[in-house]
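Work through the exercises below with the sequence and the 3D view at hand. Each task is followed by its solution in steps.

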Amino acid sequence: MAFPRWLLQYACSFLLLISCSEALKFDMPAHSAHEHKAWRCIQNFVAKDTLVVVTATISGHKGDGMTVNMHIRDTVGNDYGKPKDVTGEQRTVFTSHADAAFEVCFQNILTGSKYVENPSRQVELDIDIGADAKDWSAIQATEKLKPVEADLRRIEEMVAEVVSEMEYLRTREQKLRDTNESTNNRVKWFGFTTTFLLIALWVWQIMYLRAYFRSKHLI
């Protein structure tokens, strides 16, 4: 199957962007348990039946007066994990249940009675989706692939994901275009109907007033 040149350029740019990406690092200040703004979420979109590996590395240690909780869920109500009191590396592997955005949320809660100066935990988050989430070292060893063959296999799957994503976007664009055209037709016919009713009402008012004035011998 031959791919258009523009599609290959887009795929190569996408793969280059992925290869240059790094894990997300941020500080998570601690809050009291009753504060509703204690959650901090990172959101990403994923297609249905896609492998996702979420790796979070949390600084600190248990018993330091802070507790970091995680919650991984998507926007349609599916839960993928709720690790509690996370320290060190926490890896969560799941397969998405729907075409939807999923969130990785963190909560840092103050615990204990001792005073903690500038309570904060550092979070390093790495999210691998699709081909990036697979253990290619294990695949290479199991299938006895050469390093170049394993790299080509990985790139092939990543290109296939890009093509699938573009097909999904094309389908959505087509649905939105059909909805737009249907809405335009409905608005057009509503406008015609409203205009016809106004003209009919105007004619009826003229005829009614003429008949009324004639019955009163005013005209």
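A residue counts as buried under 20% relative accessible area, as exposed over 50%, and as partly exposed in between, with a 1.4 Å probe and protein chains only as cover. The model is predicted: local features need pLDDT of at least 70, side-chain atom pairs count only at pLDDT 80 or more, and totals for chains, interfaces and linings use all residues. Residues are numbered from 1 along each chain as its sequence is written, and side-chain values use heavy atoms, leaving out hydrogens and water.

**Exercise 1. State how many helices and strands the protein has, and in what order they run.**

Step 1. Helices (H or I, at least four residues) and strands (E, at least two) are DSSP runs, numbered from the N terminus.
Step 2. The protein has three helices and eight strands.
Step 3. Starting at the N terminus, the order is α-β-β-β-β-β-β-β-β-α-α.
Step 4. Of the 219 residues, 26% count as buried.

**Exercise 2. Describe the open sheet of four strands.**

Step 1. Two strands pair if DSSP finds at least two bridges between them.
Step 2. The strand order is β1-β8-β3-β6, and the pairing is antiparallel.
Step 3. β1 (24–29) and β6 (88–95) are the edge strands, each pairing on one side only.
Step 4. On average, neighbouring strands of this sheet are turned by 25° against each other, direction ignored. The angle is taken between axes fitted as lines to C-alpha atoms, for helices over the stretch in contact, and runs from 0 to 180 degrees between N-to-C directions.
Step 5. Eight antiparallel bridges join β3 (residues 51–58) to β6. V52 stands opposite F94 in β6.

**Exercise 3. Find which residues of the largest nonpolar core touch the most other members.**

Step 1. A nonpolar core is a set of buried Ala, Val, Leu, Ile, Met, Phe, Trp, Tyr and Cys residues joined through side-chain atoms within 4.5 Å.
Step 2. The largest such core has 19 residues, and V54, V104 and F106 touch the most other members.
Step 3. Two or more residues each come from β1, β2 (39–46), β3, β4 (66–74), β7 (100–110) and β8 (120–129).
Step 4. β3 gives the most, with four residues.

**Exercise 4. Examine the salt bridge between E103 and R73.**

Step 1. A salt bridge is a side-chain nitrogen of Lys or Arg within 4 Å of a carboxyl oxygen of Asp or Glu. The structure holds six of them.
Step 2. In the pair of E103 and R73, the closest N and O atoms are 3.3 Å apart.
Step 3. E103 lies in strand β7 and R73 in strand β4, so the pair ties together parts that are 30 residues apart in sequence.
Step 4. E103 counts as buried because its relative accessibility is 18%, whereas R73, at 29%, is partly exposed.
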